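Here are some friendly notes to read alongside the model. Please keep the structure open and look up each spot as you go.

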Amino acid sequence: MSKETNQQWGGRFSEPTDAFVARFTASVDFDQRLYKQDIQGSIAHARMLEKVGVLTEKERDDIIRGLGEIRIEIERGEFEWSVALEDVHMNIEAALTKKIGITGKKLHTGRSRNDQVATDIRLYMRDEIDLVLAEISRLQQGLLDLAEKEADTIMPGFTHLQTAQPVTFGHHLLAWFEMLSRDYERFADCRKRVNIMPLGAAALAGTTYPIDRNYTAELLQFDAPAGNSLDAVSDRDFGIEFCAASSLLLMHMTRMSEELVLWTSAQFNFINLPDRFCTGSSIMPQKKNPDVPELVRGKSGRVYGHLMSLLTLMKSQPLAYNKDNQEDKEPLFDAVDTVKGCLRAFGDMIPAIESRKEEMREAARRGFSTATDLADYLVRKGVAFRDAHEIVGLSVAYGIKTKKDLSDMTLEELQQFSDTIEQDVFDVLTLEGSVAARNHIGGTAPDQVRAAVDRGRDLIAARGE
């Protein structure tokens, strides 16, 4: 074990740490991304220590100055990270002591690496959640703009991937918007539980120094200090919750991705994705592969895995802190990176989607998608619904046999199944008439789609991002 390591925690030990064990237990290779938050927390801690009389003003100022210089060195790529110093916290503290002398050793007064790392990770997650929320809003704005543009574009709505009823492309896009609205709420709600400050819990039982946790929380913009020191250093619920919200978000994005992949296929041919979001084949010159939605669809698995990893990590852990918790960061960091990457890709791609209106309309026309409208028409004429259902079923069977859509049949052809049917039936059998008839909140009518777009824009504006 190096002298550097001994200066931090080695007084109790009589022999060096095995070289492999030192590498095996070190986390600096991945937790160095927490440097901003570590320095931020240390500056607040130093200010608090000066306020309660543990540090002098000069000591506080020297610490803040030294930490500021270290941050600049890190951001310039000039900082030398040492595996021997284990983690981001001890690397920064050692560099501070080297820079300003014995005062650097006073910074750790009244805290432990346990509450320090718990604070850093919460500060980091708070920052990252804010970025995720902004990316969700950006993607939603892109969906709203495209939905408004496609409010009148008729396409088939599906159940069981079979043509069900006509909808509009704009209406379909707004279903994605609703999914993302729930995702936004989950991340925003998760942020509330992230924004609780562990600092002051020390190793597990608090500290005998006269610290002011409320003051530190105020400096770091936490909502409140954690209420129990044991729980403060060992809680990782917020990481699990973030991964749960991320899993739901990625699940929604896989549904979007699957539809985009289907729609770009020759069999559907509903949309075109610009070339910049696709790749070709090394052997088949004609291919244009929708790699972005396919990759987003695939990345869901790693986020689901991170959720299970963190649940398993915390399973059966006794209070308080255990070294197991070092394993929280890599899955959490990768979940953050994956979610932000997927949202950015979709945020760039969605507004660039080009619809193929005629292909969409023809697909809706082919599948007897106005059959339910015919049944509703008969019910309004006084026919019992079950009888209307049978009449329409017979009409569809006839259409399959004659290769005619309901709207292509003559009045005489339709009347052979019910003499209740009159000339006005053709007002509901057209695709446009069918879509326009569902003129209620959440319905498919183009005016309702535009109204939903307006509501969505008001929702995003109210977030104040």
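Contact here means heavy atoms within 4.5 Å. Helices (H or I, at least four residues) and strands (E, at least two) are DSSP runs, numbered from the N terminus. This is a predicted model, in which local features need pLDDT of at least 70 and side-chain atom pairs count only at pLDDT 80 or more, while totals for chains, interfaces and linings use all residues. Residues are numbered from 1 along each chain as its sequence is written, and side-chain values use heavy atoms, with hydrogens and water left out.

1. Start with a helix pair. Y35, D38 and I39 in α4 are in contact with V88, H89 and I92 in α6. Sorted by class, this contact has four nonpolar residues, one polar and one charged (Ala, Val, Leu, Ile, Met, Phe, Trp, Tyr, Cys and Pro count as nonpolar, Asp, Glu, Lys and Arg as charged, and the others, Gly among them, as polar).

2. Now the geometry of that pair. Helix α4 covers residues 35-51 and helix α6 residues 88-100; they pack at an angle of about 60°, and their axes are 10 Å apart. That angle is why α4 counts as oblique to α6 (under 35 degrees is roughly parallel, over 145 roughly antiparallel, 65 to 115 roughly perpendicular, and the rest oblique). Axes are lines fitted to C-alpha atoms, for helices over the stretch in contact, and angles run from 0 to 180 degrees between N-to-C directions.

3. Next, some backbone features. Most residues other than glycine have a negative phi, and most peptide bonds are trans. E86, which is not a glycine, has a positive phi of about 75°. E86 sits in the loop between α5 (57-75) and α6. Is E86 buried or exposed? E86 counts as buried because its relative accessibility is 12% (buried is under 20% relative accessible area, exposed over 50%, partly exposed in between, with a 1.4 Å probe and protein chains only).

4. H160 also deserves a look: its phi is positive, near 55°, and H160 is not a glycine. H160 is placed in the loop between β1 (154-159) and β2 (162-168). With 76% relative accessibility, H160 counts as exposed.

5. Which residues does a cis peptide bond join? They are L319 and A320, with omega about 5°. A320 belongs to the loop between α13 (291-314) and α14 (329-349).

6. Finally, visit G442, in the loop between α20 (431-437) and α21 (446-463). G442 and A175 are 267 residues apart in sequence, yet 9.4 Å apart in space, C-alpha to C-alpha. Leaving out residues up to four places away in sequence, G442 touches H171, Q448 and R455.
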